[in-house]
Amino acid sequence: APASSGDAVVAVFSKVAAASVGGVITACSMTPFDVVTRRMQTPAAATTARRALAHIVRTEGALALWRGLVPTVVMQVPANALYFTVYGTLKERLERTAAEPTYVPLVAGPPGRPD
């Protein structure tokens, strides 16, 4: 049976919500690695990631590992929501009509990426 427009709205909202939550989780978990990596690229940097991590925590506190989280979330949430919504919707439509479904993910992926 064909889906109603209400079902379609819920499906799109679910994709946007899931992609947004995924973007926040990714940003929260990866920002400390980005902070350590950026600090290691400075001229007076520690020689290992472990030393850089220890130095940041000792001198600035553990919360310094999440410095820059807000701009990252502001960028990632809309980008993830757009990408996964476009990808999921296009993939579903192509799978219904494609003669060769093997290539559907390859075709559906690029249109959602604005960069």
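The largest nonpolar core of this predicted model consists of six residues: Val-35, Val-36, Ala-52, Ile-56, Ala-64 and Leu-65. Helix α1 (5-40) and helix α2 each contribute at least two residues to this core. In soluble globular proteins, nonpolar side chains tend to be buried together.

When neighbours within four places in sequence are set aside, Ile-56 is in contact with Val-35, Val-36, Arg-39, Gly-61, Ala-64 and Leu-65.

Helix α2 itself comprises residues 49-60, which makes 12 residues. Just after α2 comes Gly-61, which takes a positive phi of about 95°. Gly-61 is also one of the residues that Ile-56 contacts.

The next helix to consider is α3, which covers residues 69-97 and contains Thr-85. Is Thr-85 buried or exposed? Its relative accessibility is 12%, and because buried means under 20%, Thr-85 counts as buried. Not counting residues up to four places away in sequence, Thr-85 touches Val-12, Lys-15, Val-16 and Asn-80.

The final region concerns the surface. Tyr-103 lies in the loop between α3 and α4 (104-108). With a relative accessibility of 52%, Tyr-103 counts as exposed, since the term exposed applies over 50%. Together with Leu-106 and Val-107, Tyr-103 makes a nonpolar surface patch of about 350 Å².

Conventions: Residues are numbered from 1 along each chain as its sequence is written. This is a predicted model: local features need pLDDT of at least 70, side-chain atom pairs count only at pLDDT 80 or more; totals for chains, interfaces and linings use all residues. Side-chain values use heavy atoms; hydrogens and water are left out. Helices (H or I, at least four residues) and strands (E, at least two) are DSSP runs, numbered from the N terminus. Buried means under 20% relative accessible area, exposed over 50%, partly exposed in between (1.4 Å probe, protein chains only). Contact means heavy atoms within 4.5 Å. The expected span of a helix is 1.5 Å times one less than its number of residues. Patches are made of residues with over 30% relative accessible area and no salt bridge: like charges are joined within 9 Å, nonpolar side chains (Val, Leu, Ile, Met, Phe, Trp, Tyr) within 5 Å. Accessible areas come from the Shrake-Rupley method with a 1.4 Å probe; for residues, only the protein chains shown count as cover. A salt bridge is a side-chain nitrogen of Lys or Arg within 4 Å of a carboxyl oxygen of Asp or Glu. A nonpolar core is a set of buried Ala, Val, Leu, Ile, Met, Phe, Trp, Tyr and Cys residues joined through side-chain atoms within 4.5 Å.
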